[in-house]
Amino acid sequence: MFKGAFSIWGRDMLVLKRSIISELVSVVAYPLTLYLAFGFGLKGYITDVNGVPYPLFIAPGLISMTAVNAAFDESSWSMWFHRKVQRTIEEYRVTPVTVYDIVIGKIFSGFSQGAVKGTVVFLVILFLTPFRIDYANLPMYLLCIALSSMTFSCLGTICGTVIDKPENIGRVQSVIIVPLIFMAGIFFPLSSYPASILPLIQLLPTTAVFEGARDALLTGTIPTHYLVNLVLSAAFCFAVAVYTFNRKMAE
Amino acid sequence: MNHAITLHEITKSYDGFTAVDAFSLEVERGTVFGLLGPNGAGKTTLIKILTTLMRPTLGDAFVEGHSVLTAGKEVRRLIGVVPQENNLDRYLTARENLVLHARLHGMRPAAYNPRIDQLLEMTGLAARQHDFPDTYSGGMQRRLVVARALVHEPRVLFLDEPTTGLDPQSRRSLWDHIRGLRRSMTVFLTTHYMDEADALCDRIMIMDHGTCLADGTAAQLKDAFSRAHTYQVEFRRDADRYQGVLAGLSFVKGVEREGSLFQITLADEESIKPLMDHLCGSDIRRICLKEPSLEDVFISLTGEKVRE
């Protein structure tokens, strides 16, 4: 069972391995720049947020952002490219694998890319900056990253499945994904929001991703409502991704 | 049961357009079957249905006895597919493309490695097996797609316009590979090249607008449409005057001219005598009955030359 998914995932990891250096350089550059610009640039103006030093406040979010962005990018572009450009999805579909194998393989590829790239950014931030954590908190943080990457990988798969024009994938990223990420309080505390809209912001899956990651990394626990949000989001997006892909392939 | 492929009243419609209309067919095991038709005839739709990429609106199709509707996975286990476009993975080397295909078929390295070596030798790609497909010529990419379709030793091979866009040398080379498969598996081939069908197929079916127009061997089709009423006439002089004369004869159904050479289609075999009465014997350099080609059969059935 899922041998096909494993083969497709193996293919994607082989391709990632070949270009790992160039991939990581480009992936690390963006969050590291943000960390240096905001963490150090604003350090003189914002010393701490709720008692947490500002560089430490933004670091978990930047690592999570790298992971979820990588998961979304890999899933959406890879699915689109294999479906519309290389047409390798069609090659997969004339073998005994099922559409479930294909979509699960692709989701796990996105998830893996997110995990690898998030880990590398974490290590780079750890190596280059005074950012330090309690390693006992790491398992909870990794759980949060895993659930978040799964959600974004599924969202990417849905986009790569239903969107035919590549520019529209870019539009989804800039109009939906980026605002969702930045609204979720990577760079500022949620208490900055007016009380009237705060409950809505707290319901966003991205808020669960970034607030949950920060709490996990700094305190070793994920607040229950964020954990429930992460699990339900991942499960819901997975079901929708599988359903959407299945429908698209039946057209 | 000696049929590798059976189509039973297959209909495929989308948005009011019927691509395939109540199409039935049985293909004998171990033969090379050619489906000929202009673009838009419904050939690719039929292949997509037979390879489980598309579900028919009505009817059912069977590959080696397995229904495409209810046993798709079994069908896919038994088939190899060469699609119209080279859908190779450009981020994998030639060998890795074949390995991935083998894995998707659940093969183990001990089974697929020797088979891949053999196929790479057979297709002349062994020396370039670690190169990426983007560095290959069109003919080499096509041979790699054929090799990929054969990795798991399918019982039925589908080739959708396998030589479209290839140079003559690459076409001949691919024909040799396809000829080598005859008898070891059933080959279902679509093409709009008449010479390809003539050279490769044991049986040919001509289709257009989703229905079958003719079915038989190349020789049978040519015989059936050989009505001995198309002549080639070459004039020594006065070709322009004779063009006018021919245009005024009611039993002349068609005239094609290339310089002084005319191809004249008559209404029936008896019209040859009145035709000769209207032509001056001393002006004729040569007259001969034109043997029908498969292309003539195709044109007389579909009413037009190959649609591009």
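This is a predicted model: local features need pLDDT of at least 70, side-chain atom pairs count only at pLDDT 80 or more; totals for chains, interfaces and linings use all residues.
Strands are DSSP runs of E of at least two residues, and helices are runs of H or I of at least four, numbered from the N terminus.

Residues are numbered from 1 along each chain as its sequence is written, and chains are lettered from A and ligands numbered from 1 in the order in which they are written.

Back to β3(B), then, where both faces are covered: Val32(B), Gly34(B) and Leu36(B) are buried on one side, and Phe33(B) and Leu35(B) are buried on the other. Which strands does β3(B) pair with in the parallel sense? One is β8 (residues 186–191) of chain B, joined to β3(B) over 5 bridges, with Phe33(B) standing opposite Phe188(B); another is β9 (residues 203–208) of chain B, joined through 4 bridges, where Gly34(B) has Ile204(B) as its bridge partner. Two strands are said to pair if DSSP finds at least two bridges between them.

These strands belong to an open sheet of 6 strands with mixed pairing, in the order β6-β7-β8-β3-β9-β10 (chain B). Its edges are β6 (79–82) and β10 (211–216) of chain B, each pairing on one side only, and the twist averages 15 degrees from one strand to the next. Helix α5 (residues 138–150) of chain B packs on this sheet, touching β6 and β7 (156–160) of chain B, and the direction of α5(B) makes about 170 degrees with that of β6(B). For such angles, axes are lines fitted to C-alpha atoms, for helices over the stretch in contact, and the angles run from 0 to 180 degrees between N-to-C directions.

Staying with α5(B), 11 of its 13 residues are buried, including Met140(B), Leu144(B) and Val145(B), but also Arg142(B), Arg143(B) and Arg148(B). The buried residues of α5(B) pack against β6, α3 (94–104), α4 (109–122), β7 and α6 (168–181) of chain B. At 1.5 Å a residue, the 13 residues of this helix should span 18 Å, and its end C-alpha atoms are 19 Å apart, which agrees; the expected span is 1.5 Å times one less than the number of residues.

How many of the 11 residues of α3(B) are buried? The count is 9, so this helix too is largely enclosed by the rest of the structure, and among the buried ones are Asn97(B), His101(B) and Arg103(B). What the buried residues of α3(B) pack against is α1 and α4 of chain A together with α4 and α5 of chain B. After α3(B) comes Gly106(B), whose phi is positive, near 75 degrees.

That brings us to the interface, where 17 residues of chain A are in contact with 21 residues of chain B, contact meaning that the C-beta atoms of two residues, placed from the backbone, lie within 7 Å. On the chain A side, the elements giving two or more residues are α1 (3–18) and α4 (88–93) of chain A.

Turning to another sheet of chain B, 4 strands form an open, antiparallel arrangement in the order β2-β1-β4-β5 (chain B), with β2 (17–28) and β5 (66–67) of chain B at the edges. Within it, β1 (residues 3–14) and β4 (residues 58–63) of chain B pair over 5 bridges, and Thr11(B) stands opposite Leu58(B).

The C-alpha atoms of chain B fill a box of roughly 75 × 45 × 35 Å along the principal axes.

Key
A residue is buried if 20 or more other C-beta atoms lie within 10 Å of its own, exposed if 12 or fewer, and partly exposed in between; C-beta atoms are placed from the backbone.
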